[in-house]
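Subject: Handing over the structure

Hi,

Here is the structure I promised you. Please open it first, then read my notes below.

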Amino acid sequence: MAAVATCGSSAGSTGSAVATASKSNVTSFQRRGPRASGTNDSGPRLVSIAGTRPSVRNGQLLVSTGLPALDQLLGGGLAVGTVLLIEEDKYNIYSPLLFKYFLAEGIVNGHTLLVASTKEDPANILQELPAPLLDDKCKKEFDEDVYNHKTPESNIKMKIAWRYQLLPKIEIGPVSSSRFGHYYDASKRMPQELIEASNWHGFFLPEKISSTLKVEPCSLTPGYTKLLQFIQNIIYEEGFDGSNPQKKQRNILRIGIQNLGSPLWGDDICCAENGGNSHSLTKFLYVLRGLLRTSLSACIITMPTHLIQNKAVIARVTNLSDIVVGLESFIGSEKETNPLYKDYHGLIHIRQIPRLNNLICDESDVKDLAFKLKRKLFTIEICWPSHYSWIHPANYLLRALILLFPLPRTMQIKMTTIMSYPSNWYIF
Amino acid sequence: MFVELNNLLNTTPDRAEQGKLTLLCDAKTDGSFLVHHFLSFYLKANCKVCFVALIQSFSHYNIVGQKLGVSLTVARERGQLVFLEGLKSAVDVVFQAQKEPHPLQFLREANAGNLKPLFEFVREALKPIDSGEARWTYPVLLVDDISVLLSLGMGAVAVLDFIHYCRATVCWELKLRILWRRPSQPTAQRDQSFTYQYKIQDKSVSFFAKGMSPAVL
């Protein structure tokens with residue numbers, strides 16, 4: 001499990017993690033190191049960009065996804081130049097939240113935003129962003145929200161299910177001195193002055209589809225072609241790839257694309273199994289990845305993969321994305337009434353984490369993760385039992401014993417906790 | 001280059017086989033460490049390598065290559081390595097009209113074209129230079145990863161044709177070695193197959209027979 005703390009060994013050189021965008025063929029994957037072209041004057045160190053930090057493992061520049069718990073699971077954050085693909089939950093209730101957290105994090109850090117959508121006007125999306133919880137008052141609010149009843153769970157030493165104790169706790173509270181990753185209050189809106197002070201670009205397909213933007217011929221659907229052109233334009237005009245001699249950019253571009261692949265984009269991949277445009281989406285992702293790899297940008301895409309008929313396309317889309325996170329909400333499924341999941345709203349699956357500039361990646365050991373949307377916060381926690389259908393036969397013996405020989409109440413509670421362990425932990 | 005893998009495959013950079021096609025398949029996992037292994041192996045064996053990198057950028061392979069003891073920038077400058085960076089080229093092809101045929105020309109075409117320009121690029125890169133002195137031992141073609149061509153609109157037939165052409169030219173005409181990578185379902189029958197388990201570390205990979213991992217024993 002990746003450590004969240006910034007690496008101590010390179011404390012003095014956080015600045016030089018930024019790719020030297022002034023060079024022409026740089027990618028955002030340059031390793032941190034002394035500047036190759038030494039200037040005569042000792043030259044100021046590269047100014048570190050707000051809201052970024054180098055990865056502990058390989059010096060990769062990371063940005064926060066807006067959810068510190070998710071950052072932790074992804075090995076510290078989202079690497080600059082990569083794509084985070086969110087597989088939408090069935091009724092598209094929770095994936096817009098992750099989308100908004102990503103954008104809100106961009107506004108709080110002063111990054112430039114590019115919001116693309118077909119359903120909602122990007123200006124409206126920005127109005128609905130959650131408000132950031134600032135350090136001084138969030139601790140108080142957080143305490144009353146989460147710990148409104150005394151739960152000494154964290155202090156119980158697990159006797160038999162001791163392996164769970166070794167699993168790291170997922171950080172769900174605000175860290176007082178973190179500048180990387182903020183907490184947001186889902187019940188309040190982002191202050192208007194912050195939105196107006198930010199630099200953002202919107203791409204609303206119904207408006208753009210009729211415009212006469214010069215478009216190179218390409219075999220993508222027109223919506224995708226226009227979006228790619230728009231993104232490439234912004235990257236070039238605002239100097240995120242270092243190729244524009246007039247613009248020296250020291251900021252990150254956060255791109256958010258909502259519901260990619262849905263029929264509103266003109267793509268029929270969700271309607272038919274072997275449609276005419278079956279390669280449009282994957283081509284789009286490939287070219288987008290090419291644009292991202294050569295610029296200081298990070299992208300979040302939400303996609304209704306549960307609607308894609310052709311399973312091979314889902315595999316290709318996964319292959320072409322860097323990080324893939326799937327959301328599965330319990331609404332309408334049989335898991336809603338399952339008592340084990342009663343505290344949660346859904347499961348979160350980390351399907352893929354990239355191995356960038358490295359042979360290994362920070363794959364989390366924990367696979368059973370669930371999320372819940374509390375009144376104010378979206379939290380991700382380890383979900384204790386995952387295989388309820390098959391219970392170790394020895395459990396029945398234990399249950400029979402308990403029924404025959406009633407135990408004092410405190411011991412009974414501990415026993416039920418033990419019995420709901422995953423079936424692959426053999427404790428007998 | 002992973003020494004343990006060399007031992008398993010019974011090869012060293014000095015006496016590697018020629019005229020063979022090696023297919024790297026991974027199913028539900030990431031087998032990219034094998035690509036890094038073979039790339040560094042053949043660079044160390046002083047071969048001329050044409051690397052068609054479709055899925056990651058040059059600096060990614062370079063940084064991992066440095067961990068394994070080869071420098072791709074030096075190899076490229078010396079002429080030992082011909083590197084086609086798919087991601088960067090795709091952006092150039094899509095957004096600007098190209099004057100000459102580009103290896104990734106098919107990205108601009110609406111219908112499924114063929115991979116002839118890409119094949120021409122490979123053949124051009126690997127043909128022996130008639131300068132008299134042989135600097136490199138034998139040429140190698142590496143493609144990472146061929147399933148990206150399917151994602152980009154090529155039909156399976158076009159990709160198979162490309163593989164066939166490359167194999168015919170590279171393996172038999174020029175006596176070379178090709179390595180492909182594609183994710184796939186694991187295929188069944190082979191004459192002689194060995195199964196090992198592996199664990200990837202920061203700079204190396206250790207292999208062991210099934211069930212013999214130190215973590216288990």
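Buried residues make up 54% of the 428 residues in chain A. Buried means under 20% relative accessible area, exposed means over 50%, and partly exposed is in between (1.4 Å probe, protein chains only). Chain A exposes about 20000 Å², and carbon and sulfur atoms supply 55% of that area. Accessible areas come from the Shrake-Rupley method with a 1.4 Å probe; for residues, only the protein chains shown count as cover.

Some ground rules. This is a predicted model: local features need pLDDT of at least 70, side-chain atom pairs count only at pLDDT 80 or more, and totals for chains, interfaces and linings use all residues. Residues are numbered from 1 along each chain as its sequence is written, chains are lettered from A and ligands numbered from 1 in the order in which they are written, and side-chain values use heavy atoms, with hydrogens and water left out.

Next, the fold of chain A. The chain has 12 helices and 14 strands. These are DSSP runs, numbered from the N terminus: helices are H or I with at least four residues, strands are E with at least two. Take the contacts in chain A with a separation of 6 or more: residues 24 or more positions apart account for 72% of them. Contact means heavy atoms within 4.5 Å.

How confident is the predictor? pLDDT is its confidence in each residue, from 0 to 100. Chain B has a mean pLDDT of 80, and 84% of its residues reach 70 or more. Residues 184–190 of chain B stay under 50; the model has four contacts for them beyond four places in sequence. For the complex, the predictor gives an ipTM of 0.87 and a pTM of 0.78.

Now the interface. On chain A, 30 residues are in contact with 41 residues of chain B. Together the two chains bury about 3100 Å², with 62% of it on carbon and sulfur atoms. Buried area is the accessible area (1.4 Å probe) that two parts lose on being put together, summed over both. A:Tyr286, A:Arg355 and A:Leu359 supply 25% of the area that chain A buries against chain B, more than any other three residues. Helices H8 (222–237), H9 (280–293) and H10 (311–320) of chain A each supply at least two residues of the side that touches chain B. H9(A) gives the most, with eight residues.

How many salt bridges are there between chain A and chain B? The count is zero. A salt bridge is a side-chain nitrogen of Lys or Arg within 4 Å of a carboxyl oxygen of Asp or Glu. Over all chains, the count comes to eight.

- A:Arg351 and A:Glu87 meet at 2.8 Å, N to O. The pair links distant parts of the chain, strand E12 (residues 346–352) and strand E4 (residues 83–87), 264 residues apart. A:Arg351 is partly exposed at 47%, whereas A:Glu87 is buried at 9%.
- A:Arg293 and A:Asp322 meet at 3.0 Å, N to O. A:Arg293 lies in helix H9 and A:Asp322 in the loop between H10 and strand E11 (323–329), so the pair ties together parts 29 residues apart in sequence. A:Arg293 is buried at 1%, and A:Asp322 is buried at 2%. A:Arg289 is linked with A:Arg293 and A:Asp322 in a network of salt bridges.
- B:Glu120 and B:Lys116 meet at 3.5 Å, N to O. Both lie in helix H6 (residues 116–126) of chain B, four residues apart, about one turn of the helix.

Best wishes

Definitions and conventions:
pLDDT = per-residue confidence, 0-100.
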